[in-house]
Amino acid sequence: MTDAALARSKPEANWALLDKQVARATSLLRQMRDTIEDIEDARTLERVKKAHGRRPRIPWSRVKKELGLD
């Protein structure tokens, strides 16, 4: 029997295990991507805060009003 014939006759359980591993890896990648985005957002906020120093910021009430969220 050739290697190709043996490869085709593997049980389906291996594919189920691989599917679970791929799903888990995809989930982990999604979580890591979200974490990285959160870190980037936090860094951006810190840079902006530092750049503005002690100057007053825009109050949330004004932001909501300008965005039409009020």
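How many helices and strands does the chain have? I counted three helices and zero strands, with helices taken as DSSP runs of H or I of at least four residues, strands as E runs of at least two, both numbered from the N terminus. I noted that the elements run α-α-α from the N terminus on.

**Basis of the entries.** I worked from a predicted model, in which local features need pLDDT of at least 70, side-chain atom pairs count only at pLDDT 80 or more, and totals for chains, interfaces and linings use all residues. Residues are numbered from 1 along each chain as its sequence is written, and side-chain values use heavy atoms, with hydrogens and water left out.

**Surface of the chain.** I looked up burial and found that buried residues make up 0% of the 70 residues; buried means under 20% relative accessible area, exposed over 50%, and partly exposed in between, with a 1.4 Å probe and protein chains only. The chain exposes about 7,100 Å², of which carbon and sulfur atoms supply 58%. Accessible areas come from the Shrake-Rupley method with a 1.4 Å probe, and for residues only the protein chains shown count as cover.

**Patches.** I took patches as residues with over 30% relative accessible area and no salt bridge, joining like charges within 9 Å and nonpolar side chains (Val, Leu, Ile, Met, Phe, Trp, Tyr) within 5 Å. Asp 34, Glu 37, Asp 38, Glu 40 and Asp 41 form a negative patch. Lys and Arg count as positive and Asp and Glu as negative, while His and the chain ends are not counted; each charge is placed at NZ of Lys, CZ of Arg, CG of Asp or CD of Glu. I located Asp 34 in helix H2, residues 12-52. Asp 34 counts as partly exposed because its relative accessibility is 39%. Leu 29, Met 32 and Ile 36 make a nonpolar patch of about 300 Å², and Met 32 also lies in helix H2.

**Salt bridge.** I found one salt bridge, defined as a side-chain nitrogen of Lys or Arg within 4 Å of a carboxyl oxygen of Asp or Glu. Which residue pairs with Glu 66? The partner is Arg 62, with the closest N and O atoms 3.0 Å apart. Glu 66 is exposed at 58% relative accessibility, whereas Arg 62 is partly exposed at 44%.

**Lys 64.** I placed Lys 64 in helix H3 and recorded it as partly exposed at 40%. Leaving out residues up to four places away in sequence, Lys 64 touches Leu 69 and Asp 70, contact meaning heavy atoms within 4.5 Å.
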